[in-house]
Amino acid sequence: MNMIKLEGLSKKYGNKQALQDIHFTVETGSIVAVLGHNGAGKTTLINSIMNIVDYEGRIEYGFDQKDLYKKVGYQMQSSSYESEAKVYEVCKLYRKILKSRVDLDQLLQTFDIAACRNMYVKNLSGGQRQKLSILLTLIGEPELIIFDELSTGLDSMARRQIWDYVKQLNEEKGVTIILTSHFLDEVEYLADRVVILDKGRISRIGDVSSIIREEFEAAKKIEFRTHDREVFRERFGSELSSSGNLLCIRYKEEAEEEVYRQVKQLGGYDIAIRNYTFEDAFLNMLGYKLVKNGEISHG
Ligand SMILES: Nc1ncnc2c1ncn2[C@@H]1O[C@H](COP(=O)(O)OP(=O)(O)OP(=O)(O)O)[C@@H](O)[C@H]1O
């Protein structure tokens, strides 16, 4: 069953074509990541789904469209709730507006911010604010939650924690999730399916695992250090690449033992055999490069 179906979605701001002919579906119970560099059209796509901007094309919902704001929880990039208010007051306000009966104390405990209930929102740390903004999307007990840049600005501990909350919500409560992201590790950890936007168009769509398989077939990689790169360059030619201090050889799975033996024999050390990741696939297919924190930009 589909939660969302987009057919020929396009959006222009003046002369600027922000989205062009977007087609895809979001299955109920799935996690779909929309990935793309700055300005690729991610927020415009989400705003169209939320009916916040006008657009051309068609969006079908797996529920009555008049219930959009009841069925969908939307965590926006910049939190719009009142930062001069206290945490518990904001939660109560949301519960009242959404006519919800959800147990706020329990939610605050789940998100590990019960101790902050009487603090002003403006005094929360970045991670606590982010947790609060996720908590607020849950008050209406939505069937679909949209996270726009789920973990931007968080440290690595807080990111992991937030990812686990999101996974739990999806697995235990069956909530459908759409998230936009710049982060490949986040997409690989969370998403069943990924939609890659490039300048307002879909450049690739598919399951995370099939994208990796399609990009690398049955290849794996062996990474290692060496004091003599030249000898490896001569032996492995174009199958050899380097990343910082490491050398990497791409090989077909059946050649594993032989490649390992040769790397050792030629003086490779700190040897590790790895599967290709979504990050490898993404960089390979689009010529993106990684910048700080694993964020992506056009190479
Ligand atoms: N209100 C607007 N008026 C004019 N142009 C806009 C407007 N909003 C977005 N754009 C343009 O549309 C394109 C897509 O923007 P959008 O914000 O959807 O991208 P994004 O992928 O969410 O980017 P980011 O990762 O930086 O948030 C960009 O070129 C942007 O400059």
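**Around the ligand**

Author: Let's start with the residues of the shell around the ligand: they divide into 3 nonpolar, 6 polar and 2 charged. Here Ala, Val, Leu, Ile, Met, Phe, Trp, Tyr, Cys and Pro count as nonpolar, Asp, Glu, Lys and Arg as charged, and the others, Gly among them, as polar. Bear in mind that this is a predicted model, where local features need pLDDT of at least 70, side-chain atom pairs count only at pLDDT 80 or more, and totals for chains, interfaces and linings use all residues. Residue numbers start from 1 along each chain as its sequence is written.

Reader: Which residues surround the ligand?

Author: The general idea is that a residue is near a molecule if its C-beta atom, placed from the backbone, lies within 6 Å of it. In this case the ligand is surrounded by Y13, K16, A18, G36, N38, G39, A40, G41, K42, T43 and T44. Two elements give two or more residues to that shell, strand 2 (16–27) and helix 1 (42–49). Helices (H or I, at least four residues) and strands (E, at least two) are DSSP runs, numbered from the N terminus. The largest share, 3 residues, comes from helix 1.

Reader: Is helix 1 mostly covered or mostly open?

Author: For that we count neighbours: a residue is buried if 20 or more other C-beta atoms lie within 10 Å of its own, exposed if 12 or fewer, and partly exposed in between, with C-beta atoms placed from the backbone. Helix 1 is mostly covered, with 6 of its 8 residues buried. Those are K42, T44, L45, I46, S48 and I49. Just after helix 1, N51 takes a positive phi of about 60 degrees.

Reader: How do I read strand order in a sheet?

Author: Begin with pairing: two strands pair if DSSP finds at least two bridges between them. Strand 1 (residues 2–13) and strand 4 run antiparallel and are joined by 5 bridges. I4, for instance, has Y61 in strand 4 as its bridge partner.

Reader: And what is the mean confidence in the chain?

Author: pLDDT is the predictor's confidence in each residue, from 0 to 100. The chain averages 89, and 93% of the residues score at least 70. Confidence is highest in strand 4 (residues 56–61), at 97, and lowest in strand 14 (residues 288–290), at a mean of 52. Where pLDDT is low, the predicted coordinates should not be read in detail.

Reader: Last one: how far apart do the centres of domain 1 and domain 2 lie?

Author: Domain bounds come from an automatic or database domain assignment. It gives domain 1 (2–81 + 139–212) and domain 2 (217–298). Their C-alpha centres lie 32 Å apart.
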